[in-house]
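Good morning, and thank you for the time on today's agenda.

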Amino acid sequence: MKNNKEPNILFSSQQIHDRLVVMVNEIEKDYRDKDLVVVAVLKGSVLFLADLVRGFSRPLAFDFIGVSSYGNSRTSLGVINLSKQISIDIRDKDVLVVDDILDSGRTLGWVKEHLCKFGPRSVKICVLLKKEVERVIEVEADYVGFTLADVFVYGYGLDYRDRYRHLPYIAKLGDDEVPPGETVDE
Ligand code: XMP
């Protein structure tokens, strides 16, 4: 394992900020006259959600759903576990699911199907990142911040071994690398 001196930044804080301004405009236009409820997927979406909703000038509600997919530090095993149920009524509401990244599609596929059981008027998906990979579960994102190749990324909500979510940028990590500052196992 290699310990990089500097993070390999894919999307800077400024790039993320600029992209969010454009996304909010688009979403606001589409949800004009609608009863918008944003459901954010814990924990990866938290920074994205906070920055996104602050751009809205129209009223909205937001809530969280907690799901985890068991796996090691970089890969998911694909077993979805509900760790926090939504706590507001979404019946007849226009729901926008917000998540950090669309990868295999398992998480968002599961979340969308789960939320549909509560009788919302509509469910759309908004992700900051979309990986250009073949989806295991067919699910489309309606709003996408950035697309990226099949690389592991961390920062701005995304973790490496549950750390680094606080970073204001998104960095990529090679297969044999750990983030700067991380202890390298011998
Ligand atoms: P799926 O495969 O279900 O992935 O679409 C969604 C969840 O998996 C996590 N994920 C990542 N986390 N760097 C991360 O830190 C990555 O490159 C990455 N790819 C997937 C993430 O929690 C996401 O919500």
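Rings of Phe, Tyr and Trp, the last taken by its six-membered ring, are said to pair if their centres lie within 6.5 Å. Please bear in mind that what is shown is a predicted model.

With that rule, the count comes to five aromatic pairs. Consider Tyr-154 and Tyr-164: the ring centres are 5.7 Å apart and the planes stand at 70°, so this pair is edge-to-face. The pair joins distant parts of the chain, ten residues apart. Tyr-154 belongs to strand β9, residues 152-154, while Tyr-164 sits in the loop between β9 and β10.

Are these two residues buried or exposed? Tyr-154 is buried, at a relative accessible area of 1%, and Tyr-164 is also buried, at 11%.

Tyr-164 has a further partner in Tyr-160. Here the centres are 6.5 Å apart with 50° between the planes, and the pair is tilted. Tyr-160 counts as buried because its relative accessibility is 3%, and buried means under 20%.

Taken together, ring pairs link Phe-152, Tyr-154, Tyr-160 and Tyr-164 into a cluster.

Which residues form the negative surface patch? They are Glu-26, Asp-30, Glu-134, Glu-138, Glu-140 and Asp-142. One of them, Asp-30, lies in helix α1, which covers residues 13-30. Asp-30 has a relative accessible area of 33% and is therefore partly exposed.

Notes
Residues are numbered from 1 along each chain as its sequence is written. This is a predicted model: local features need pLDDT of at least 70, side-chain atom pairs count only at pLDDT 80 or more; totals for chains, interfaces and linings use all residues. Side-chain values use heavy atoms; hydrogens and water are left out. Patches are made of residues with over 30% relative accessible area and no salt bridge: like charges are joined within 9 Å, nonpolar side chains (Val, Leu, Ile, Met, Phe, Trp, Tyr) within 5 Å. Accessible areas come from the Shrake-Rupley method with a 1.4 Å probe; for residues, only the protein chains shown count as cover. A salt bridge is a side-chain nitrogen of Lys or Arg within 4 Å of a carboxyl oxygen of Asp or Glu. Lys and Arg count as positive and Asp and Glu as negative; His and the chain ends are not counted. The place of a charge is taken as NZ of Lys, CZ of Arg, CG of Asp or CD of Glu. Helices (H or I, at least four residues) and strands (E, at least two) are DSSP runs, numbered from the N terminus. Buried means under 20% relative accessible area, exposed over 50%, partly exposed in between (1.4 Å probe, protein chains only). Rings of Phe, Tyr and Trp (its six-membered ring) pair if their centres lie within 6.5 Å; planes under 30 degrees apart count as stacked, over 60 as edge-to-face and the rest as tilted.
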